[in-house]
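Visitor: Could you put the model up and walk me through a few local details?
Guide: Gladly; here it is.
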Amino acid sequence: MLRARLASRIFTKPVPRVFASTWAGVPAGPPDPILGVTEAFKANTSPKKINLGVGAYRDEAGKPYILPSVKKAEELLAGKHDKEYLPISGLSEFTGLAAKLAYGAESPLLKEGRIVITQSISGTGALRIGGAFFQRHYPGVKAIYLPTPTWGNHIPIFKDSGLEVRRYRYFTPGEGVGLDWAGAVEDLKNAEEGAIVLLHACAHNPTGIDPTPEQWKELSNVLKSKKLFPFFDMAYQGFASGDTTKDAFAPRYFIEQGHQIALCQSFAKNMGLYGERVGAFSLTTESKEEKYRVESQIKIIVRPMYSNPPVHGARIAATILADPKLNAQWESEVKGMAERIIEMR
């Protein structure tokens, strides 16, 4: 009798209801068009394979290349630092030197302390910080005009930041391949007044075609006439011409002409610090007091996004930029890489 009661209790116990997975409705997304190619490259076993994905410099054997100046900087840094967190804005030694590289040692804005700069997770992070800041605080039209074509990640970065993405002509394909100068000027003259315009400071990605200095001057006038805000992406300083000063012509000229600008920097390409994720985002301001207010808001954006940036790559870049001899060596290496790319093309 007791056994029957126990069996009844065991077999009449309610069976737990089976629920569908919470994520059952999540569709598979497409592979990244650039990084997806790199993944396919790694999976391919052919000895003749060539990686046409992410744009990373390679040596004559097709292997990753570490700059001698970077190796030297790492030797100098070995065993001398702890692994403590950086401040929200990053390593101050690095950001100060990055601003000097971009704006020029004699920049009045730099000397007057009117440049807000924060270390970022490479150029992508700089763009994302900038997009978020403009979405929250830009008083003009919260739409950004991107060149056609542009780096593929620009579009989702600015869309995810909450900005409306619009386009302007830039490239002429086919037999007349080159800069669609007339189209670019016409589209920007017809752009909505007070909007934002993304400009590749040098080594336009993906075409490699840049405006001439005279064309940059005309673009400055066009943007000024329509009260358009210049947002520069400078991911390749030194890589276009082999001269870091020459490649910074556009943002420096725009500042000379009275523009306030936003500027994104990356040290992935020109120092080969791809995996170190070293970059910076900066804005020019009208006064030290304005700089303080803008800087405080950028920190508010960065803190919940990633709290603070990684330290090792920033120390490498700062070591190279701070040491005159090592900096000259790096400049020579950048020139050599740029000339080799130009020759191979």
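Visitor: Let's start with Arg277: how accessible is it?
Guide: Arg277 has a relative accessible area of 29%, so it counts as partly exposed, a class between buried (under 20%) and exposed (over 50%), computed with a 1.4 Å probe on protein chains only. This is a predicted model, in which local features need pLDDT of at least 70 and side-chain atom pairs count only at pLDDT 80 or more, while totals for chains, interfaces and linings use all residues. Residues are numbered from 1 along each chain as its sequence is written, and side-chain values use heavy atoms, with hydrogens and water left out.
Visitor: And what is its phi?
Guide: Phi of Arg277 is near 60°, a positive value in a residue other than glycine, and Arg277 sits in the loop between strand S8 (262-266) and strand S9 (278-284); strands here are DSSP runs of E with at least two residues, and helices are runs of H or I with at least four, numbered from the N terminus.
Visitor: What about Ala203, buried or exposed?
Guide: Ala203 is buried, at 16% relative accessible area, and this non-glycine residue also has a positive phi, of about 50°. Ala203 belongs to the loop between S6 and H9.
Visitor: Which peptide bond is cis in that loop, with Pro206?
Guide: Pro206 lies in the loop between strand S6 (196-200) and helix H9 (213-225), and the bond from Asn205 to Pro206 is cis, with omega near 20°. The bond from Thr148 to Pro149 is cis as well, with omega near 5°, and Pro149 is in the loop between strand S2 (143-148) and helix H7 (154-160).
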